[in-house]
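Please take a moment to look over the sequence and the fold before reading on.

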Amino acid sequence: MLWSTCGSWLAGDWAAKQPPLRNPQNVPKLCIISSREIPAMARMPTAINLHKASKTLTLTYAPGEVYHLPAELLRVHSPSAEVQGHGNPILQFGKINVGLVGLEPAGQYALKLNFDDGHDSGLFTWEYLEQLCLRQEQLWADYLDELHKAGKSRDPAESVVKLML
């Protein structure tokens, strides 16, 4: 539990649901809130390295905690509306050769990644990047499964044809 003044951003919806308290002296009121009511603070990497030759973004969070995110994974899981489809994700295919050409900070909360296929929309927040790091294997397996189900390929020069015999 944490202490906060009622009505502050920490108290959030909890404070709004409470009955008004009598406070004739206008003394600051204290509320008890649980830590799950506070938005989690995303960890910011201590180092970010763009490797154009290997088409990889490396994020370091602590000594020994280093993640290598392939450009293709970042591109097919871009948080942009083009990819996320306003809540209805659009399967990206033919991105095996995509690379990163640059990155730039977006305030204190995100990175804007620039891909060599011209895609540069969507902000990769620190929280989103960390989730990509932590869930990389499962996200990649799910992506390959979705490609297979849709009859699509990672290779832009390849078309998958289903024969009906």
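Isoleucine 48 stands opposite leucine 59, a residue of strand β4. The two strands of this part, β3 (residues 47-51) and β4 (residues 56-62), run antiparallel and are joined by five bridges, where two strands are said to pair if DSSP finds at least two bridges between them. In the hairpin that β3 and β4 make, four residues lie between the strands, and lysine 55 takes a positive phi near 55 degrees.

This is a predicted model, in which local features need pLDDT of at least 70 and side-chain atom pairs count only at pLDDT 80 or more, while totals for chains, interfaces and linings use all residues. Residues are numbered from 1 along each chain as its sequence is written, and side-chain values use heavy atoms, with hydrogens and water left out.

Seen as a whole, the chain has five helices and eight strands, where helices (H or I, at least four residues) and strands (E, at least two) are DSSP runs numbered from the N terminus. Along the sequence these elements follow the pattern β-α-β-β-β-β-α-α-β-β-β-α-α. Of the 165 residues in the chain, 33% are buried, a word that stands for under 20% relative accessible area, with exposed meaning over 50% and partly exposed in between (1.4 Å probe, protein chains only). Among the contacts (heavy atoms within 4.5 Å) in the chain with a separation of 6 or more, 47% are between residues 24 or more positions apart. The accessible surface of the chain comes to about 10800 Å², and carbon and sulfur atoms account for 56% of that surface; such areas come from the Shrake-Rupley method with a 1.4 Å probe, and for residues only the protein chains shown count as cover.

How many salt bridges does a search of the whole structure find? The search finds eight, a salt bridge being a side-chain nitrogen of Lys or Arg within 4 Å of a carboxyl oxygen of Asp or Glu. In general, side chains of opposite charge can pair when their charged atoms come close. One of these bridges joins glutamate 130 and arginine 43, with 2.7 Å from N to O. Because glutamate 130 lies in helix α4 (residues 126-134) and arginine 43 in the loop between β2 (30-33) and β3, the pair ties together parts that are 87 residues apart in sequence. Glutamate 130 counts as buried, at 12% relative accessibility, whereas arginine 43 is partly exposed, with a relative accessible area of 33%.

Lysine 149 is exposed at 53% relative accessibility, while aspartate 145 is partly exposed at 36% and glutamate 146 is partly exposed at 40%. Elsewhere, Arg75, Glu82, Lys95 and Asp117 are linked in a network of salt bridges.

The segment after α5 (136-150) contains serine 153. Serine 153 counts as buried because its relative accessibility is 9%, and its side chain reaches the backbone nitrogen of aspartate 155 at 3.0 Å.

Key:
A polar contact is a pair of N or O atoms within 3.5 Å; within protein, one must be able to donate a hydrogen and the other to accept it, and residues adjacent in sequence count only if both atoms are side-chain atoms.
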